[in-house]
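Colleague: Could we go through this structure together? I would like to begin with the strands.

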Amino acid sequence: MDFFDLHCDTPYECYVKSQEFSKNTLAVSACKGAVFNKWHQTFAVWIKDDTENPYQLYKNILKDFKDKLKYKPENLTPVFGGEGGAVLESNIDRLYELKTDGIRFLTLTWNGENLIAGGSKTDKGLTDFGKDVIGVMNSLKIGCDLSHLNDKSFYGAIEKAEFPLATHSNCRLVCNHPRNLNIEQIKLIAEKGGVVGLCFYPCFLGCGDVFEQLYKNIFLLCDKGYENNIAIGSDFDGAEMDKKLDRIDKLPDFYEFLRRKRLKEELLSKIFYKNAENFIAKLD
């Protein structure tokens with residue numbers, strides 16, 4: 001199978017735990033990714049909203065991980081993202097440096113707030129600085145990642161963003177969690193050609209079997225007409241996962257589960273690879 005994952009936090013974990021990418025005890029490694037034919041993996045550099053010297057930490061993590069990718073497997077195409085707009089501090093020109101570093105998406109906040117906007121655990125909305133940030137992101141074709149935003153920030157950002165996506169969020173109708181998206185929000189992302197990466201974190205899936213809960217998200221999105229906007233954003237190495245889906249080499253098990261649910265190969269190809277691939281092509 002081919003696989004495009006819109007979000008994992010492996011670079012941070014490799015950095016703080018001094019682990020290699022080739023082989024490690026984490027959810028994502030080169031060895032574990034050998035189960036795929038073509039494999040696009042978005043490696044997010046996680047920066048919390050209140051991190052001290054966030055830009056320096058970002059540079060340290062990114063350099064460390066790129067060094068560890070020097071001997072990447074042939075099936076892997078790395079994609080880089082930034083998780084947390086605090087990396088900019090108050091310097092909007094940092095976006096040009098992120099673009100040079102190969103950052104394709106920027107998550108505007110984590111769960112708290114920064115100079116750009118408020119995350120899911122705050123009431124702060126998109127700031128004037130945040131509007132300017134999105135304007136520059138548009139000009140640079142950096143995807144505007146709306147995961148982690150509260151509703152106020154989301155609606156402010158989606159109005160401005162030309163390349164919106166939610167790298168790791170689920171449907172609020174399936175699990176009523178503030179980190180998930182309501183149908184109106186998903187509609188607004190889809191109308192701008194964006195994608196929603198379904199996240200494996202059990203707290204965002206609700207009670208029940210993890211495969212079944214993910215299937216409920218897929219069924220709902222397809223029923224609403226968004227089969228071209230569904231992707232995967234695992235959040236591997238960023239959250240504690242269910243044992244059935246706690247490593248990237250367990251993805252074929254989920255794929256086979258969906259085949260048994262009689263999802264057609266064309267749809268599975270869209271969900272696991274094509275939709276994300278089509279979106280990122282817009283950023284070239």
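Modeller: In this predicted model, strand E2 (residues 39-46) runs parallel to E3, and eight bridges join the two. The chain passes from E2 to E3 through helix H2 (residues 54-68), and this β-α-β crossover is right-handed.

Colleague: Which residue in E3 is the bridge partner of Trp46?

Modeller: The partner of Trp46 is Glu83. Glu83 also has a bridge partner in E4, namely Thr107.

Colleague: How many bridges pair E3 with strand E4, and is the pairing parallel or antiparallel?

Modeller: E3 pairs with E4 (residues 103-107) over four bridges, in the parallel sense. Helix H3 (residues 94-101) lies on the chain's path from E3 to E4, and this β-α-β crossover is right-handed.

Colleague: Is E3 mostly covered or mostly open?

Modeller: Strand E3 (residues 76-83) is mostly covered, with six of its eight residues buried.

Colleague: Changing topic, where is Cys207 found?

Modeller: Cys207 is in the loop between strand E7 (196-198) and helix H7 (210-223).

Colleague: Why does Cys207 count as exposed?

Modeller: Cys207 counts as exposed because its relative accessibility is 77%, and the cut-off for exposed is over 50%. From C-alpha to C-alpha, Cys207 and Cys175 are 8.4 Å apart in space, and they are 32 residues apart in sequence.

Colleague: And the pockets? What lines the largest pocket?

Modeller: The largest pocket holds about 330 Å³ of space. Its lining has 21 residues, and Trp110, Asn111, His148, Asp235 and Gly238 lie nearest the centre. By class, that lining has eight nonpolar, six polar and seven charged residues.

Colleague: What volume does the second largest pocket have?

Modeller: The second largest pocket has a volume of about 220 Å³. Its lining residues include Thr25, Phe236 and Arg247.

Notes:
Residues numbered from 1 in each chain as written. Predicted model: local features only at pLDDT ≥ 70, side-chain atom pairs only at ≥ 80, totals over all residues. Heavy atoms only, no water. 1 Å grid on protein atoms, 1.4 Å probe; cavity = no way out; pocket = protein on both sides within 12 Å on 5 of 7 lines; lining within 4 Å. Points joined across faces, edges and corners; volume = space filled by probe spheres on them. Nonpolar A, V, L, I, M, F, W, Y, C, P; charged D, E, K, R; others polar. Buried < 20%, exposed > 50% of the residue type's maximum accessible area, 1.4 Å probe, protein only. Pairing = 2+ DSSP bridges. Right-handed = clockwise from strand over helix to strand, strands pointing away.
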